[in-house]
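The sequence and structure come before the notes.

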Amino acid sequence: MENMFRLADHEDFFSRRCIWVNGPVIVGAGPSGLATAACLRDQGVPFAVLEKEDCIASLWQKRTYDRLKLHLPKQFCQLPKLPFPEDFPEYPTKKQFIEYLESYAKHFEINPKFNEYVQSARYDETSGLWRVKTVSTSGSNRTEVEYICRWLVVATGENAECVMPEIEGLAEFGGEVMHACQYKSGEKFSGKNVLVVGCGNSGMEVSLDLCNYNASPSMVVRSSVHVLPREIMGKSTFELAVLLMSWLPLWLVDKLMLIMAWLVLGNTDKYGLKRPSMGPLTLKNTMGKTPVLDIGALEKIRSGDINVVPGIKRFSRGQVELVNGEILDIDSVILATGYRSNVPYWLQEGEFFSKNGFPKAPFPNGWKGNAGLYAVGFTRKGLSGASSDAIRIAQDIGKVWKEETKQTKRATACHRRCISQF
């Protein structure tokens, strides 16, 4: 075993506590990681889940606003092998979704190792194993651990970290500036002029929430955006699109969706919300850009309660200058500028993942790489896409696991500092 780890960073290996994981290591305890763990549990495969925060689903628990609900009906958001409770509404609240995830983890006996920040993960060709280095801090104590495993599942997802744009003069603005991940409600912004930068689902919903607390939001719309009604004739727009796509080509479904959106919402162009030339579903599949599902913001835009403005030229003290020359007095700025993958910062691998932190192969082929590397939650198809990947990954690993456990078990000698715990 000692020869197995004869590497350039040999000394670093012996300075860390080493843990052998008898199964895959899953990085991330969000919905994607939980779904994969549950499916592995169903296959009888042991695993370890590493989570940098102190709770499961930290994005939902710590970085979402209070009024948030699932944008899609619950049947499209439930994780494998355990549906939502029947008494949950069609669009569960943030609180209900967190309750569901916590009961999900408890049901499948998923116990992540919290506060384990993954510094690096790389495949050791000499041993044929993955080496995952973590650091955790508790008060003044700092603990470094290296997990050794055969399979690595990347479940940190599409929204691992906030995108903070660099805008001229923002540092001199002087008022409060926050990312949408820090926004909870519009209560403290009552009576204030707030600039919301971004017009996706978060930007629209934050602007709507600000209106409900008597703030005056101006929403920056730099580029074209598809706005669709959340429901059409009492039917979920997403559900209707899925139904149509089972019978019709994508381009035709896009045409039908736009016609129905026009009938329900009217012409959004006249409100400063110009539609892209590419259809909403095609745009989602090719560029990963999600259409906005309107839950009331458009009505506030029509009434003038939400002011739609073009791109930003620069900030100055208490003001913002727009690209059209208009100057607005503002008290606060909320950056609804989205999220990105953090995979390139810690995964030392260049074949499976691209530089943007997403698998190079498009859905449905982006879940499996080489040498026991897997990805879940990068499909740009929400929770249903993550569930689909989780099932495939568990079946793939489970097949190998079951074949090998049928054979005579070999005694594996471990170095005395390599503790087998999983």
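A residue is called buried under 20% relative accessible area, exposed over 50% and partly exposed in between, with a 1.4 Å probe and protein chains only. By that rule Glu205 is buried, with a relative accessible area of 4%. This is a predicted model, in which local features need pLDDT of at least 70, side-chain atom pairs count only at pLDDT 80 or more, and totals for chains, interfaces and linings use all residues. Residues are numbered from 1 along each chain as its sequence is written, and side-chain values use heavy atoms, with hydrogens and water left out.

**Confidence**
- The average pLDDT of the protein is 90, and 92% of the residues score at least 70; pLDDT is the predictor's confidence in each residue, from 0 to 100.
- Residues 1–14 stay under 50 in pLDDT, and the model has 28 contacts for them beyond four places in sequence; contact means heavy atoms within 4.5 Å.
- Residues 410–417 also have a pLDDT below 50, with 9 contacts in the model beyond near neighbours in sequence.

- Glu205 is placed in helix α5 (residues 201–212); helices (H or I, at least four residues) and strands (E, at least two) are DSSP runs, numbered from the N terminus.
- Not counting residues up to four places away in sequence, Glu205 touches Tyr65, Arg67, Leu68, Lys69, His71 and Ile295.
- Leu152 belongs to strand β7 (residues 152–154) and is buried at 0% relative accessibility.
- The C-alpha atoms of Leu152 and Val27 are 7.8 Å apart, although the two residues are 125 apart in sequence.
- Outside four places in sequence, the contacts of Leu152 include Val25, Val27, Trp130, Leu347 and Tyr374.

**Aromatic rings**
- Rings of Phe, Tyr and Trp (its six-membered ring) pair if their centres lie within 6.5 Å; planes under 30 degrees apart count as stacked, over 60 as edge-to-face and the rest as tilted.
- The count by this rule is 15 aromatic pairs.
- Phe358 and Phe378 form an edge-to-face pair because their ring centres are 5.9 Å apart and their planes stand at 85°.
- This pair links distant parts of the chain, 20 residues apart: Phe358 is in the loop between α10 (343–346) and β22 (373–375), and Phe378 in the loop between β22 and α11 (382–406).
- Arg380 lies over the face of Phe358, 4.0 Å from the ring centre; a charge sits over a ring if NZ of Lys or CZ of Arg is within 6 Å of the ring centre and within 35 degrees of the ring normal.
- The charged end of Arg230 is over the ring of Tyr91, at 3.8 Å from its centre.
- A cluster linked by ring pairs holds Trp60, Phe84, Phe88, Phe97, Tyr100, Tyr104 and Phe108.

**Helix α4**
- Buried residues of α4 include Phe97, Tyr100 and Tyr104.
- The buried residues of this helix pack against α2 (31–43), α3 (58–62) and α11.

**Strand β5**
- In β5 (residues 129–138), 8 of the 10 residues are buried.
- Strand β4 (residues 117–124) pairs antiparallel with β5 over 7 bridges; two strands pair if DSSP finds at least two bridges between them.
- Tyr117 has Val135 in β5 as its bridge partner.
- The hairpin of β4 and β5 has 4 residues between the strands, and Gly128 takes a positive phi near 75°.
- Strand β6 (residues 141–149) runs antiparallel to β5, joined by 9 bridges, and Cys149 in β6 stands opposite Trp130.
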